[in-house]
Structure formats: structure tokens, C-alpha cells
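Here is a short briefing to read alongside the structure. Take a moment to look it over, then follow the points below.

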Amino acid sequence: MTEVAIRPLARSLAPLPEESLPGYLLRLSYRLGRSPARVGMLSGLSGMHHRLPGDYLLALPTQLADAFAHTTRLSSAEAQSLTLAGSGLVSAYAPLAATRLVQGRNHAAARSRWAINISSRFCPRCLAGDGSPVQSALGGAWKLRWHLPVVFACLEHSNVLASACQRCHNPPNQPPRTERSGLLMQRATAGLHPAQCRHPLPGPQSGTVGPKGCCGARLDQSPSKPSAIPARDLERALALQLRINQNLFPTSSQLADRDQLFFNDLIAVSHLIKFSWPMGASLLHSAHLSSLIDNHAAAVMQRLDQQPRPGPRPSSPWSAPDDPAQCAALLTAADELLRHSHTGEAELRDLIQPLMRASLARLTPNLAASFRRMEFSPALARALARKINGFYHAGGHRGSKRRTPSRECLFRVEHVPALLPASWMDAHFTPFQDLLAPLTNWNARHLRRAASLKLAEMAGGGTWPECAQALSTPWNTAQQSLKVVKRLLDSNESREAFAQAVEQVARVLDDQSHRIDYANRRGLLSSWHLPRADWRHICAGLETRAGRATSPGPAAATALVWAQVTQGDYLHSPALGALRSSGRSTGPVVTTVNQILHAAKCYQGEKAQLADRLRRYADLLADACDRSEASPQGAYSPFDSYLVHGDFSTTLFPPDPTHSRTGDAG
């Protein structure tokens with residue numbers, strides 16, 4: 001095969017504003033009296049079999065773009081502006097940005113994501129041109145935006161776009177199933193006006209209408225029948241199209257405030273309405289728009305119920321409606337639902353959850369997994385998330401992106417202790433606890449752990465096992481706490497009171513200007529143990545009861561200090577973890593810790609004095625962690641940062657007849 005020399009064409013055209021590459025080729029080939037395939041070959045776009053790949057609508061490879069620009073006498077920027085990437089639409093339209101078209105193999109996937117339609121919608125009045133000599137002869141621009149499924153109307157002429165020829169009722173550029181999607185149908189046919197239908201007519205009609213059996217009907221002639229949407233519904237659809245266009249083509253002042261997930265939310269809710277239809281019909285308040293969605297949803301349900309069989313695959317149920325009017329109705333319903341996110345997330349969730357359950361019931365597991373992998377705005381993600389007993393459901397698809405915090409928080413997960421401090425419980429949970437039967441110490445501990453898990457979900461999102469991991473809480477311990485709390489919260493009133501109490505704590509954390517980084521403390525003390533020298537100084541002046549199994553020792557003191565500094569459960573302290581790892585019993589240490597905690601509450605005896613000294617020591621260690629003056633690993637002593645070694649036990653622990661409470665270590 002002889003290569004064609006790439007040289008400038010004798011005549012060319014300047015691109016029209018927002019003109020697409022296939023539209024430009026149609027106008028240029030008509031002006032030159034050549035077929036689009038021939039022009040593509042002369043300009044270096046087509047190769048074997050004179051194909052014009054549909055991939056070029058998304059972007060032109062640099063080498064091809066330079067050759068095309070040289071041949072058509074355009075600049076490289078002008079050549080690239082004929083593509084979706086070069087025009088900037090890829091960066092503005094999230095579904096398109098996530099799509100990669102390589103050698104025509106992913107067009108079906110692109111359609112299912114609402115990323116692109118190879119066959120363009122069109123406005124007949126735009127195709128007729130603006131009356132200038134050039135557009136009167138060659139027609140107006142086939143616009144790039146018409147290839148996006150979310151563009152269903154022309155605001156300039158206040159009408160819904162068309163998607164099919166009025167004569168043959170076929171899309172203007174939909175290749176047969178036996179051929180890969182290309183830029184243009186009947187690319188080898190010359191002599192057709194850019195606004196003429198290129199769809200082939202089979203049988204006796206072929207050869208009687210247009211060149212080589214093409215339909216040949218003019219697409220730039222407005223239909224004689226009125227718009228498919230009544231005036232009032234059209235007004236709603238045009239208002240939505242205006243907002244869509246503003247997100248596609250933001251001004252410089254709108255760039256900073258642009259919602260990057262606007263289109264993801266709109267498309268996701270459209271899927272919910274479609275798959276759960278007619279459950280969402282009440283959103284529209286329009287019989288005509290509802291009937292349009294009826295027709296689309298019925299076709300989708302038929303495809304879902306269809307058994308796989310040999311032959312061409314049916315179009316994906318995820319694809320946007322081919323009919324722009326149906327697309328307008330579906331997106332308008334989705335927009336109506338999403339407007340409730342501005343009035344309150346609780347209201348949005350109440351509307352979304354029934355649609356979500358109905359949709360997942362109709363979808364096969366692999367289709368349901370596709371929905372779970374989508375990315376949404378935080379408000380929609382919270383509304384979609386399945387909850388059990390107030391927590392994000394722990395099951396589901398492992399690839400799910402639904403890790404959205406269940407609340408907009410100023411605090412972060414690292415500011416949440418593993419065990420809600422007892423002082424926080426006293427301050428915010430007293431009215432709630434009045435609804436329950438008298439709580440045992442262990443039930444109160446489970447409530448404190450569940451409250452911390454909920455705070456972690458509020459700040460960081462994720463399921464309860466993920467929240468437990470973030471708080472360094474063993475998953476089986478977290479699971480047991482949630483089981484206990486489920487039994488305790490046996491009424492809607494108690495569950496609501498618990499949620500309100502946790503919300504109060506969240507508000508306090510939001511309002512704090514200086515928050516404790518408990519994750520940092522847990523990390524620094526992950527292998528810490530109380531130095532023996534410090535233990536001797538802490539015990540100075542106190543009688544020892546050596547020889548008794550329950551006598552306080554460094555292991556119990558380490559567990560208590562660690563629990564107070566990290567506000568964690570002393571059972572999960574490194575001291576007890578080391579005993580378990582070595583196969584030794586933790587019973588004596590646990591017994592001693594409980595005795596010290598009990599003595600601290602009674603404010604009497606040497607164990608109460610010991611608890612008070614350990615509390616003061618823990619305050620020093622916590623301050624050292626927060627100052628990050630050292631890494632308290634191993635046997636780090638906070639005395640090193642604060643005191644000169646000597647007789648500092650009387651300085652740190654002066655005689656005090658009254659003993660204060662030992663904080664919240666228990």
C-alpha cells in the first residue's frame with residue numbers, strides 16, 4: 001500500500017465554536033467534494049480500511065493531531081479543541097474523566113457510565129446555521145456537548161434535542177453491530193450535506209433516496225409536530241440543563257465552587273429511580289414526565305429479565321436513555337430528589353433508602369456491586385449507606401467506596417479515644433442512662449466503647465470493624481460491645497437518646513480549639529512499660545505488702561497509666577498483651593488493677609494514694625506525648641523531661657490527706 005504524502009489541503013475551514021471532530025470532517029469533506037474517509041486519509045487520521053476510530057472523539061494522539069493540524073491549516077490547539085479532551089469537557093465531566101477509550105474496545109463501558117455517546121444528539125435549528133454565508137452553505141456546528149448523555153436540551157432555542165432522523169427514525173451515526181464504533185457512518189460516501197442523515201436504508205428503499213442508499217433526510221429542519229414535553233415540564237428541564245451547562249462550562253469565578261461530584265450524584269440517583277420505578281414517581285408531579293420514565297424503565301426491566309443467549313448483546317441497563325426526552329425526565333426526577341440534601345440529610349435518607357432497597361432487590365449481585373463501586377458526594381453516600389443499629393453495615397462489597405464519614409466533623413478519628421472517658425459519659429449521657437435499667441460497670445464499659453466507635457464513624461467513616469481498627473480496638477471486643485449495646489437499646493426511644501448523646505460529644509469536640517491526639521499517644525506508648533526506678537519513687541513512703549499475689553506491681557501500674565494516657569481499656573494495654581504473648585496468666589494483674597480502681601473511688605487507704613500518684617504520673621506522661629519531646633517507647637520516664645533526679649518523690653507526690661479521683665483510667 002502506497003503511503004499518501006501529508007501536505008496541506010488546497011482549501012480548508014476554520015472550526016466553529018465547540019465543533020466536534022466528526023462534524024468538522026463532515027463540513028470539510030462536503031466543501032471539498034470528497035468523502036470523509038478520503039479527507040481522513042489525506043489528513044493522516046485514517047489508516048487501514050480507511051477507518052476513522054471513535055476514540056478520536058475523546059482525544060487525538062499528539063502525532064496525529066500535528067499531522068491533522070498541518071493538513072487542515074489549523075493550529076495544534078485548534079485541532080485538539082475538536083475533541084472532548086482538548087475542549088476541556090473531560091476535566092469538567094467526571095464520568096468522562098474516568099473513561100479510557102483504547103482502540104474502540106471500551107465504548108460499551110463508556111455508555112454504561114454515561115460518559116459518552118458516539119452517535120450525537122442534535123438541535124435542528126443549530127444545524128441550520130446562523131445565516132452567515134459559510135453556515136448557510138455548510139450548516140452549523142455538530143457540537144461536542146451533544147455527545148454527553150446529560151445534555152438533552154438546547155438552551156439557545158429552548159427545545160429538547162433530537163436523537164433520530166424524522167424520516168427513518170434511526171440515530172444519525174450508529175454503526176451496525178458488526179462494525180466497531182467509528183466517528184462517522186457511511187464514511188466512504190461523498191456528496192452528503194453535513195446535516196443529511198447518513199443511515200443506510202435496506203431493501204427496495206436503497207438507492208432511491210440519498211447517495212448509495214443513505215436516508216439523506218435533512219436533520220436541520222425542525223419537526224412539524226410540537227415538542228415532546230409540555231411547556232411547564234420543559235421549563236423545569238431547561239432549568240436543570242442550565243445548571244448542568246454551568247458545571248460543564250464554569251466561569252473562572254465558578255471554578256472554585258464547582259461541585260466535582262455533581263454529575264456522579266445525578267447519575268447515581270437516576271439509576272436508583274430507574275431500577276426502583278415506579279416507586280419514585282411521586283418526585284415528579286407530572287404525568288407526562290412519569291410516562292416518559294415508564295417507557296424507559298419498562299425497556300430496562302425487560303433487558304434485566306432477559307436470559308443470556310447467543311447473538312448481539314442487548315444494550316446495558318446502566319446506559320442513559322437514547323431518547324433525550326426520556327433522559328430529561330429521568331434527570332429531572334433525580335434532581336428533585338437531590339434537592340432534599342439542602343433541606344436536611346435525614347429527609348434525603350428517608351427518600352433514598354426505599355429506592356436503594358428496591359433497586360438492589362431487582363439487580364443481580366454483579367450489577368449491585370457495580371453500583372456500590374460508584375463514588376458519591378458525602379451527603380448522598382451517607383443517605384445510601386446501609387445501617388444496622390445505627391452503624392454502617394459491616395458486610396458488602398470489599399471494593400466499595402462508601403467510606404464517607406457519617407457526619408461533617410471538625411475533629412478527626414485520631415481525636416477519638418478508644419474508650420469514651422467516664423467524665424464525658426457523666427456530662428452527656430446521664431439523661432440517656434436514665435432510660436435504661438441500672439447499669440453494671442461492664443455494661444457501662446460496652447456503652448463507652450460503642451460511643452467511641454460511633455464517633456470514629458462520624459469522623460472517618462467506614463464499617464464498625466474499620467472503626468475498631470482505627471481505634472486499636474480488637475474486632476472481637478468491638479463486636480461483643482455492639483451486641484451488648486443492641487440488647488441494652490431495645491427501643492427506638494433509647495436508640496435515639498444514645499444517638500443524641502453521642503452527637504453532643506461530637507459537638508463538644510468540634511468546638512474545641514485544642515484537641516488531644518489519642519492516636520499519637522497510642523502509637524508512642526505501643527510498647528511502653530513503667531521504669532522500675534519510677535515505680536520505686538511512686539511507691540516511696542507507702543507500705544508494701546510483698547508476697548501477696550494481689551500486691552500492686554509494675555505491670556498493674558503500667559496498665560493503669562497506659563489506660564489513663566490513651567483513654568483506652570487497660571485490658572488492651574501493652575503490659576497485659578505481653579503477658580498473653582508469653583503464655584502467662586493476666587488474672588493477678590487484672591485483679592490488682594480493679595482493686596486500685598475501687599480504692600480510688602472510695603478515697604481511702606494506701607491503694608487510693610497509689611492511684612492518685614499514678615494519675616499524676618500519667619498526666620506528666622500524657623503531656624510529654626503531646627509535646628512530642630520524646631518517643632516514650634520502652635521504659636521512657638516522663639521525669640526526665642520535668643525533674644532533676646534526686647528526691648523528687650516528695651516534689652511530685654507531696655503528702656496529701658485527701659486523695660483525688662484517679663481520672664478515667666477504668
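F262 counts as buried, because its relative accessibility of 11% is under the 20% cut-off. Keep in mind as you read that this is a predicted model.

**Aromatic rings**
- A pair of aromatic rings is described by two things: the distance of the centres and the angle of the planes.
- The structure holds 9 aromatic pairs.

**K274 and its surroundings**
- K274 lies over the face of F275, at 4.9 Å from the ring centre.
- K274 is also in contact with S319.

**S319, a loop residue**
- You can find S319 in the loop between helix 13 (287-305) and helix 14 (324-338).
- Is S319 buried or exposed? S319 is buried, as its relative accessible area is 4%.
- Setting aside neighbours within four places in sequence, S319 is in contact with R111, S112, W114, K274 and H296.

**D305, in helix 13**
- D305 is found in helix 13.
- At 61% relative accessibility, D305 counts as exposed, because exposed means over 50%.
- D305 and L363 are 58 residues apart along the chain, and their C-alpha atoms are separated by 9.8 Å.

Definitions and conventions:
Residues are numbered from 1 along each chain as its sequence is written. This is a predicted model: local features need pLDDT of at least 70, side-chain atom pairs count only at pLDDT 80 or more; totals for chains, interfaces and linings use all residues. Side-chain values use heavy atoms; hydrogens and water are left out. Helices (H or I, at least four residues) and strands (E, at least two) are DSSP runs, numbered from the N terminus. Buried means under 20% relative accessible area, exposed over 50%, partly exposed in between (1.4 Å probe, protein chains only). Contact means heavy atoms within 4.5 Å. Rings of Phe, Tyr and Trp (its six-membered ring) pair if their centres lie within 6.5 Å; planes under 30 degrees apart count as stacked, over 60 as edge-to-face and the rest as tilted. A charge sits over a ring if NZ of Lys or CZ of Arg is within 6 Å of the ring centre and within 35 degrees of the ring normal.
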